[in-house]
Amino acid sequence: MDSKIDVNVEKIRKYCVIAFIAVGLAALVMEKINAPEVYEGQGEGFSDTIVVQVAAKKENGKLKVYDVKYQHGDTDEIATPAIEELIAKLKETHDASTLDTVSGASYTSEGFIEAVNDALSKVK
């Protein structure tokens with residue numbers, strides 16, 4: 001009788017392992033399905049093209065911006081603080097139309113806003 005109980009315990013263990021694997025895989029799939037996509041855009045800065053990668057998606061018909069990465073060739077001491085300020089505003093509002101140029105970095109700001117609008121125009 002003990003061997004029959006041992007067999008049943010082993011079956012239960014195997015089914016539990018299979019169930020845990022299935023739940024884990026389902027969680028990974030759901031995470032991937034719900035993850036934001038990354039969209040790239042470009043705009044003309046002061047001395048070079050500004051390239052952005054915006055992680056965004058639409059939730060309930062509204063745009064949600066998760067992250068923004070960028071590359072620029074403008075003067076780092078001027079451009080980077082301006083771009084960081086614009087990114088903070090974009091993450092707060094999730095609306096590129098609220099972005100305005102930063103004093104002292106007008107061309108960089110305009111190029112960044114152009115790049116963001118280019119990227120966000122691709123969000124489905």
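Guide: This is a predicted model. In it, the side chains of R13 and E10 form a salt bridge, with an N to O distance of 2.8 Å.

Visitor: Where do R13 and E10 lie?

Guide: Both belong to helix α1, which covers residues 2–34. R13 and E10 are 3 residues apart, about one turn of the helix.

Visitor: How accessible are K57 and E59?

Guide: K57 has 19% relative accessibility and therefore counts as buried, the cut-off being under 20%. E59 is partly exposed, with a relative accessible area of 31%.

Visitor: Let us turn to the strands. How do β2 and β3 run, and how many bridges join them?

Guide: Strand β2 (residues 49–59) and strand β3 (residues 62–71) run antiparallel and are joined by 9 bridges. Their hairpin has 2 residues between the strands, and N60 takes a positive phi near 55° there.

Visitor: Which residue in β3 stands opposite A55?

Guide: That residue is D67. D67 also forms a salt bridge with K91, and their closest N and O atoms are 3.5 Å apart. This pair links distant parts of the chain, since D67 is in strand β3 and K91 is in helix α2 (residues 76–93), 24 residues apart.

Visitor: What about the accessibility of D67 and K91?

Guide: D67 counts as partly exposed, at 26% relative accessibility. K91 is likewise partly exposed, at 35%. Salt bridges that share partners also bring in K69, so that D67, K69 and K91 form one network.

Visitor: Now the aromatic side. How many aromatic pairs does the structure hold?

Guide: The structure holds 1 aromatic pair. It is formed by F46 and Y107, with 5.8 Å centre to centre and 40° between the planes, and the pair is tilted.

Visitor: Where do F46 and Y107 sit in the chain?

Guide: F46 is in the loop between β1 (37–44) and β2, whereas Y107 is in helix α3 (residues 106–120). The two are 61 residues apart, and the pair links distant parts of the chain.

Visitor: Are F46 and Y107 buried or exposed?

Guide: Both F46 and Y107 are exposed.

Note on methods. Residues numbered from 1 in each chain as written. Predicted model: local features only at pLDDT ≥ 70, side-chain atom pairs only at ≥ 80, totals over all residues. Heavy atoms only, no water. Pairing = 2+ DSSP bridges. Helix = DSSP H or I, 4+ residues; strand = E, 2+ residues; numbered from the N terminus. Salt bridge = Lys/Arg side-chain N within 4 Å of Asp/Glu carboxyl O. Buried < 20%, exposed > 50% of the residue type's maximum accessible area, 1.4 Å probe, protein only. Phe/Tyr/Trp six-rings, centres within 6.5 Å; stacked < 30°, edge-to-face > 60°.
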